[in-house]
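Please view the sequence and the structure together.

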Amino acid sequence: MVEAGSPERPPERVAGGEQGELFPDASLPDELVGYRGPAACQIAGITYRQLDYWARTKLVAPSIRTAHGSGSQRLYSFKDILVLKVVKRLLDTGVSLQNIRVAVEHLRVRGVRDLARVTLFSDGTTVYECTSPEEIVDLLQGGQGVFGIAVSGAMQEINGTIHEFPAERADGGVVEAVVPDELTQRRNARRTG
């Protein structure tokens with residue numbers, strides 16, 4: 001268990017960009033596929049005002065395309081939307097934006113290879129990152145109340161709904177439509193049904 005921003009574990013640098021290969025799964029959009037701001041807001045469950053503020057303050061900036069003047073569109077990757085959703089969940093539980101910023105920077109600097117294994121815990125003031133059951137037990141044995149956010153759960157939620165939103169490629173190419181599986185079709189039928 002490492003406190004976000006803690007010097008206990010040296011930052012891990014990963015080749016291939018700031019965050020590296022977080023999601024090597026072929027079912028997820030590639031790094032050139034992005035979603036415009038309004039779609040990113042709906043997928044992550046945030047307001048456009050939050051999205052704009054977080055982009056301007058560089059809490060969560062779009063990694064595919066930033067806005068360049070009036071009328072230009074930001075383009076958010078799957079990874080960006082996942083971070084937006086995690087930030088929203090931390091805010092909803094009362095963690096300050098300052099502490100969230102430290103946690104996001106910590107994850108970004110470390111170049112987390114497998115974000116799906118990370119569970120973030122907080123006692124309301126400090127955010128902790130746990131990657132193993134032992135770390136979670138150690139944190140809970142501290143005796144104070146904490147809550148957790150399993151990043152894999154947020155990732156599954158996004159992966160289940162992201163295909164319902166229009167995507168575009170940064171290189172101008174065509175985005176191939178993903179054929180939903182039978183379980184996704186049943187869930188969608190139940191929601192509209």
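The text below treats the helices, then the sheet, then the lysine.

The model is predicted: local features need pLDDT of at least 70, side-chain atom pairs count only at pLDDT 80 or more, and totals for chains, interfaces and linings use all residues. Residues are numbered from 1 along each chain as its sequence is written, and side-chain values use heavy atoms, with hydrogens and water left out.

Helices (H or I, at least four residues) and strands (E, at least two) are DSSP runs numbered from the N terminus.

| Element | Residues |
|---|---|
| Helix H2 | 48–56 |
| Helix H3 | 78–92 |
| Strand E2 | 33–36 |
| Strand E3 | 75–76 |
| Strand E7 | 168–169 |

The axes of H2 and H3 come within 12 Å and cross at roughly 110°. H2 is therefore roughly perpendicular to H3, a term that covers angles of 65 to 115 degrees. Gln50, Leu51 and Trp54 of H2 meet Leu84, Val87, Lys88 and Leu91 of H3, where contact means heavy atoms within 4.5 Å.

An open sheet is formed by three strands in the order E3-E2-E7, with antiparallel pairing. E3 and E7 are the edge strands, each pairing on one side only. Two bridges join E2 and E3; at least two are needed for DSSP strands to pair. Arg36 stands opposite Leu75 in E3.

Lys85 lies in helix H3. Its relative accessibility is 12%, so Lys85 counts as buried (under 20% relative accessible area, 1.4 Å probe, protein chains only). Beyond residues up to four places away in sequence, Lys85 touches Ile43, Ala44, Ala154, Glu157 and Ile158.

How values were computed. Axes fitted to C-alpha atoms, helices over the stretch in contact; angles between N-to-C directions. Parallel < 35°, antiparallel > 145°, perpendicular 65-115°, else oblique. Buried < 20%, exposed > 50% of the residue type's maximum accessible area, 1.4 Å probe, protein only.
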